[in-house]
Amino acid sequence: MSAPRFWDPDGIKFGVPTYPWRLAPDGLATRAQLRARGLRPGGQEVAAQILWRSRRTRSGIRAAYLYRIDQAKPVRPMTPGKWAALAKANAARRTCPACRRDAGYTLPTSLGVCVPCADAPALAA
């Protein structure tokens, strides 16, 4: 039986240590996994990568970069300014451009307006 296609723990073939899906060693995590632990990469270089076949991409290969957990830093806390900017951005996503009211939900991009405004032309006809 041959080795898996993406098995390159020394980084000779791909330039960085590479592992197949679900076979990465302990102590490494993706950005999402770090974030779930309240951590961030903190400027460290990519320690390894995971490669797998996928039909979602043109090349047919997807990658996830791995970082060392022991070198990760805590996530920076949100400042009052960032909270205010986030609240303003979310309010803009809820405000209907036609009637200028806060819909109470994020407007569907397929409509571009709130549901009552989207239904209004249908009711008027």
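Is Ala 92 buried or exposed? In this predicted model, Ala 92 counts as exposed, because its relative accessibility is 53% and the cut-off for that class is over 50%. Ala 92 sits in helix H2, which covers residues 80-94.

Four strands make up an open sheet with mixed pairing, and their order is S1-S4-S5-S2. S1 and strand S2 (28-29) are the edge strands, each of which pairs on one side only. Strands in a sheet pair through backbone hydrogen bonds, in either a parallel or an antiparallel sense. For S1 and S4 the sense is parallel, and three bridges join them. Pro 20 stands opposite Leu 51, a residue of S4.

Nonpolar side chains are the next topic. In soluble globular proteins they tend to be buried together. Here the largest nonpolar core consists of seven residues: Tyr 19, Leu 28, Ala 48, Ile 50, Trp 52, Ala 64 and Leu 66. S4 supplies the largest share, with three residues. One member, Ala 64, can be followed through its contacts: beyond its neighbours within four places in sequence, Ala 64 touches Thr 30, Ala 48, Gln 49, Ile 50 and Trp 52. Another core lies apart from this one and has five residues, including Ala 29, Leu 34, Leu 39 and Tyr 67.

Which residues does Gln 44 contact, leaving aside its neighbours within four places in sequence? They are Tyr 67, Arg 68, Gln 71 and Ala 72. Gln 44 belongs to the loop between strand S3 (39-40) and strand S4 (48-53). Gln 44 counts as buried because its relative accessibility is 14%, and the limit for a buried residue is under 20%. The side chain of Gln 44 also reaches the backbone oxygen of Pro 41, at 3.2 Å.

Aromatic rings can be examined in pairs. Such a pair is described by how far apart the ring centres are and by the angle of the planes. The count for this structure is three aromatic pairs. In one of them, the rings of Phe 6 and Phe 14 have centres 6.3 Å apart and planes at 50°, so this pair is tilted. Phe 6 counts as buried at 7% relative accessibility, whereas Phe 14 is partly exposed at 30%. Trp 7 and Tyr 19 form an edge-to-face pair, with 5.6 Å from centre to centre and 75° between the planes. Trp 7 lies in the segment before strand S1 (18-20), while Tyr 19 lies in S1, so their pair ties together parts that are 12 residues apart in sequence. Trp 7 is partly exposed, with a relative accessible area of 40%. Tyr 19, also a member of the largest nonpolar core, is buried at 10% relative accessibility.

To count as one, the two sulfur atoms must be within 2.5 Å. The closest cysteine sulfur to that of Cys 96 belongs to Cys 114, and 3.6 Å is therefore too far for a bond. For the sulfur of Cys 114, the closest cysteine sulfur is in Cys 117, at 3.4 Å, which is also too far. Cys 96 counts as buried at 0% relative accessibility, and Cys 114 counts as buried at 4%.

Most residues other than glycine have a negative phi. Arg 22 is not a glycine, yet its phi is positive, at about 70°. Arg 22 lies in the loop between S1 and S2 and counts as exposed at 71% relative accessibility. Arg 100 also has a positive phi, near 60°. Its place is in the loop between H2 and helix H3 (115-124), and Arg 100 counts as exposed at 64% relative accessibility.

Terms used:
Residues are numbered from 1 along each chain as its sequence is written. This is a predicted model: local features need pLDDT of at least 70, side-chain atom pairs count only at pLDDT 80 or more; totals for chains, interfaces and linings use all residues. Side-chain values use heavy atoms; hydrogens and water are left out. Buried means under 20% relative accessible area, exposed over 50%, partly exposed in between (1.4 Å probe, protein chains only). Rings of Phe, Tyr and Trp (its six-membered ring) pair if their centres lie within 6.5 Å; planes under 30 degrees apart count as stacked, over 60 as edge-to-face and the rest as tilted. Helices (H or I, at least four residues) and strands (E, at least two) are DSSP runs, numbered from the N terminus. A polar contact is a pair of N or O atoms within 3.5 Å; within protein, one must be able to donate a hydrogen and the other to accept it, and residues adjacent in sequence count only if both atoms are side-chain atoms. Contact means heavy atoms within 4.5 Å. Two strands pair if DSSP finds at least two bridges between them. A nonpolar core is a set of buried Ala, Val, Leu, Ile, Met, Phe, Trp, Tyr and Cys residues joined through side-chain atoms within 4.5 Å.
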